[in-house]
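Colleague: Before we turn to individual side chains, would you kindly display the model under discussion?

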Amino acid sequence: MVLASNNSPLRKDIEMKNRARMLISCPDQPGIVAAVSQFLFEYGANIVQSDQYTMDPEGGMFFIRIEFDLEELASRVEQLKADFSGVADKFKMDWSLSSASQKKRIAIFVSKEDHALLELLWHWRAGDLNADIAMVISNHPDMQSLVEPFGIPYYHIPVTADTKAEAERRQLEVVGDKVDAIVLARYMQIVSPSFIKHYANRIINIHHSFLPAFVGGKPYAQAHNRGVKIIGATAHYVTEELDGGPIIEQDVQRVSHRDNVEDLKRIGRHIERIVLARAVAWHVEDRIIVHNNKTVVFN
């Protein structure tokens, strides 16, 4: 007999086997929470966590994230979805339901800078990132020797101005429907609108500034020339508007006139790593609802 400690991976797997997550957004009105709770109660589910937010009680939007346990979830989840559609239709809900035990699969895109990629790999190897890294794709071969020891497939797909369309076709071929999300871990290429459409609200980018400041080239040199007192990073979903997608997470750190450009880059890399790791973790744990060009993040 194998005994699992309270903090062991085995114990967590046992706890997650029958754990489901539900995300709901809909026009706010009385009775939403009561209807969802009653439905889950009648199914024999036990709600273990519930977070909600309303934009405006009078005519605004309502958002809720619910985690619940349901015996024999795997064999009952499809019927549960079908039965819940009646509640969803009544309240005009946009909703999703996922099993916590089914890890999201992600693809990481990277160029030549390794800090954001390494942070994700470290979190993944430590078991702190509740996802499977299905592959790493790069327009350069530089990261291959770093990635291969992790046992993760590495695809080098060069990109030039003349070959961009063909490169994206190849990327789509490699990624296909094999992943739930794509992470741009300092991938220094602009993603085309046609590519974005395949993965709407499922491509996460890390931007080296506290958006919208210092867009374009050499952001840390721009920041140094302006004598900034804080620098930051922004993780956001990718949309057709360059660096204009829904913001997931941001962070900043104070700097001073004593910090040169290299100091700012070093500090910036640290912030980028932390911010991107948080955003990816929240996405794979179904903690984010996108509404228009904003996010509601239950963390």
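Colleague: Does Trp 124 count as buried, partly exposed or exposed?

Modeller: This is a predicted model. The relative accessibility of Trp 124 is 24%. Buried requires under 20% and exposed over 50%, so Trp 124 counts as partly exposed.

Colleague: How is the pair of rings of Trp 124 and Phe 150 classified?

Modeller: The ring centres of Trp 124 and Phe 150 lie 6.5 Å apart, and their planes stand at 50 degrees. Planes under 30 degrees apart would be stacked and those over 60 edge-to-face, so this pair is tilted.

Colleague: Is Phe 150 buried or exposed?

Modeller: Phe 150 has a relative accessible area of 15%. The limit for burial is under 20%, so Phe 150 is buried.

Colleague: What is the orientation of H4 to H9, given their packing angle?

Modeller: Helix H4 (residues 115-126) packs on helix H9 (residues 261-284) at about 45 degrees, and the axes are 9 Å apart. Roughly parallel would need an angle under 35 degrees, and roughly perpendicular one of 65 to 115. H4 is therefore oblique to H9.

Colleague: Which handedness does the crossing of H4 and H9 have, and how many residues of the contact are charged?

Modeller: H4 passes H9 in a right-handed crossing. Residues in contact include Trp 122 of H4 and Arg 269 of H9. By class, the contact has six nonpolar and two polar residues, and the number of charged ones is four.

Technical notes:
Residues are numbered from 1 along each chain as its sequence is written. This is a predicted model: local features need pLDDT of at least 70, side-chain atom pairs count only at pLDDT 80 or more; totals for chains, interfaces and linings use all residues. Side-chain values use heavy atoms; hydrogens and water are left out. Axes are lines fitted to C-alpha atoms, for helices over the stretch in contact, and angles run from 0 to 180 degrees between N-to-C directions. Helices (H or I, at least four residues) and strands (E, at least two) are DSSP runs, numbered from the N terminus. Angles under 35 degrees count as roughly parallel, over 145 as roughly antiparallel, 65 to 115 as roughly perpendicular and the rest as oblique. A crossing is left-handed if the near helix is turned anticlockwise from the far one by less than a right angle, and right-handed if clockwise. Contact means heavy atoms within 4.5 Å. Ala, Val, Leu, Ile, Met, Phe, Trp, Tyr, Cys and Pro count as nonpolar, Asp, Glu, Lys and Arg as charged, and the others, Gly among them, as polar. Rings of Phe, Tyr and Trp (its six-membered ring) pair if their centres lie within 6.5 Å; planes under 30 degrees apart count as stacked, over 60 as edge-to-face and the rest as tilted. Buried means under 20% relative accessible area, exposed over 50%, partly exposed in between (1.4 Å probe, protein chains only).
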